[in-house]
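Please find below a colleague's note on the side-chain contacts of the structure shown.

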Amino acid sequence: QVQLVESGGGLVQAGDSLRLSCAASGRTFTTYAMGWFRQAPGKEREFVAGVKWNAITDYADSVKGRFTISRDNAKSTVYLQMNSLKPEDTAVYYCATGRNSYTYTYDYWGQGTQVTVSS
């Protein structure tokens, strides 16, 4: 059974940085896309960043140039480096992965980690 465990959230000030981590277990890590989503209060969950099995990345326009997603296949972990944080980045951040190899879909989700950015 796939398990995703996020960590690294917290309370920071605008302009600060945070790095989120997501440790995956329960299956081979290398052939699956990994992604980060977020959900702010009263809003729908939205895509933040994704990294495919071949390390190709994709970002939401709102975070391009500020956030970087990366993966460490040896540790079965995906990271989200968040720089120049803004109050509008405040949300619960979720790690996600797909059910099938070599597909860019998201079917499994972690429990989420809270990121709060004060102005």
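**Note on side-chain contacts**

1. Arg66 counts as buried, at 11% relative accessibility; here buried means under 20% relative accessible area, exposed over 50% and partly exposed in between, with a 1.4 Å probe and protein chains only. The model is predicted, so local features need pLDDT of at least 70 and side-chain atom pairs count only at pLDDT 80 or more, while totals for chains, interfaces and linings use all residues. Residues are numbered from 1 along each chain as its sequence is written, and side-chain values use heavy atoms, with hydrogens and water left out.

2. The partner of Arg66 is Asp89: their side chains meet in a salt bridge of 2.7 Å, N to O. The term salt bridge denotes a side-chain nitrogen of Lys or Arg within 4 Å of a carboxyl oxygen of Asp or Glu. Asp89 lies in the loop between strand E8 (77-82) and strand E9 (91-97), and Arg66 in the loop between strand E6 (57-59) and strand E7 (67-72), so the pair ties together parts that are 23 residues apart in sequence. Strands (E, at least two residues) are DSSP runs, numbered from the N terminus. Asp89 is also buried, with a relative accessible area of 1%.

3. Which residues are linked with Arg66 and Asp89 in a network of salt bridges? The network also includes Arg38 and Glu46. The side chains of Arg38 and Glu46 meet in a salt bridge of their own, at 2.7 Å from N to O. Arg38 is buried, with a relative accessible area of 6%, whereas Glu46 counts as partly exposed at 36%.

4. The structure holds 5 salt bridges. One of them joins the side chains of Lys64 and Asp61, at 3.2 Å from N to O. Here Lys64 is partly exposed at 48% relative accessibility, and Asp61 is exposed at 65%.

5. How many aromatic pairs does a search of the whole structure find? The search returns 5. Rings of Phe, Tyr and Trp (its six-membered ring) pair if their centres lie within 6.5 Å; planes under 30 degrees apart count as stacked, over 60 as edge-to-face and the rest as tilted. Phe37 and Phe47 make an edge-to-face pair, with 5.5 Å between centres and 75 degrees between planes. This pair links distant parts of the chain, with Phe37 in strand E4 (residues 34-39) and Phe47 in strand E5 (residues 46-51), 10 residues apart.

6. Phe37 is buried, at 11% relative accessibility, and Phe47 is partly exposed, at 25%. Phe37 also pairs with Trp109: the ring centres are 4.8 Å apart and the planes at 70 degrees, so the pair is edge-to-face. Because Phe37 lies in strand E4 and Trp109 in strand E10 (residues 108-109), the pair ties together parts 72 residues apart in sequence. Trp109 is partly exposed, with a relative accessible area of 34%. One aromatic cluster is formed by Phe37, Phe47, Tyr104, Tyr106 and Trp109.

7. Two charges over rings complete the note. The charged end of Lys52 sits over the ring of Tyr104, 5.0 Å from its centre. Arg27 lies over the face of Tyr32, at 3.4 Å from the ring centre. The criterion is that NZ of Lys or CZ of Arg is within 6 Å of the ring centre and within 35 degrees of the ring normal.

Notes. Helix = DSSP H or I, 4+ residues; strand = E, 2+ residues; numbered from the N terminus.
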